[in-house]
Amino acid sequence: MAKRSGAESPPANVAMRYYRLLKGHFGSPHWWPAQSTVEVIIGAVLTQNTNWRNVEKAIGNLAQRHCLDAVAILALPIGELEQLLRPSGYFRIKAQRLRRVMAWYAQHMGANAVPLSQIPTLNLRAELLAINGVGPETADSILLYALHRPVFVIDAYTRRIVHRHELLDKDRDYDALQQYFQQNVPAEISIYNEYHALIVQTGKHFCGPQPECSHCPLRKVLPPSSQLRQMSPLKKMAP
Ligand code: SF4
């Protein structure tokens, strides 16, 4: 695969080929592990800049305190909320951020509120992005996993794989990467959910800071021009 110029995008079927290769290797992993909508939202806020194990500890603290609920979280003194969130890191910032997101959610769950299911996805996304501290990855995780909207989530693993495979130029921003996937992958919640889970598995098992291409299910589609290919035993393998 030749390296692409800035304005050019890979052919449409490439995104689905990657999906099929990953699915063939990993099967059908599903994400997100949570018992309720509000728990997914809490996890989406807490997972910023930390690993999932730490998020689970913080969620466990909230569960023990019977606070997996927007109103209960808003009623907690800020100092106590900070201590419950401490395992997730940046706990003071996250406590404030979680309060703002829970206030947004509680407002939508009010007796006289328009049901979330009746609000267009773009409006909800704009509302979430207007909350201080909520970026596109958090907003889209909430939309896909908590509110079941067909929105493709771009995370650090996605960016790394896209760049290492030269699918899009490195200077493409979040929206450009999302647009690429949303234009080339059927807009089905189950596929978006599964595709993201497959990318996370690839990142965890193969495509870390030191990529292990020789065992990765995406080795077949690593472009010949990739430096990773030149550096790894892949160059001895059949394409
Ligand atoms: S480990 Fe190598 S082959 Fe696998 S996704 Fe990363 S760059 Fe591609």
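Contact is taken here to mean heavy atoms within 4.5 Å. By this criterion, in the predicted model, 13 residues of domain 1 are in contact with seven residues of domain 2. The domain assignment of the protein chain places residues 12-30 and 153-236 in domain 1, and residues 37-146 in domain 2. A distance of 28 Å separates the C-alpha centres of domain 1 and domain 2.

The area buried between domain 1 and domain 2 amounts to about 720 Å², and carbon and sulfur atoms contribute 58% of this area. On the side of domain 1, 53% of the area buried against domain 2 is supplied by Val153, Tyr174 and Asn193, more than by any other three residues. The number of salt bridges between domain 1 and domain 2 is zero.

The ligand was found to sit in the largest cavity. The residues surrounding the ligand are Arg164, His165, Phe206, Cys207, Pro211, Glu212, Cys213, Cys216, Leu218, Arg219, Leu222 and Leu228.

Conventions. Residues numbered from 1 in each chain as written. Predicted model: local features only at pLDDT ≥ 70, side-chain atom pairs only at ≥ 80, totals over all residues. Heavy atoms only, no water. Near = heavy atom within 4 Å. 1 Å grid on protein atoms, 1.4 Å probe; cavity = no way out; pocket = protein on both sides within 12 Å on 5 of 7 lines; lining within 4 Å. Sits in = over half its atoms within 2 Å of the grid points. Domains from an automatic or database assignment. Buried area = accessible area lost by both parts, 1.4 Å probe. Salt bridge = Lys/Arg side-chain N within 4 Å of Asp/Glu carboxyl O.
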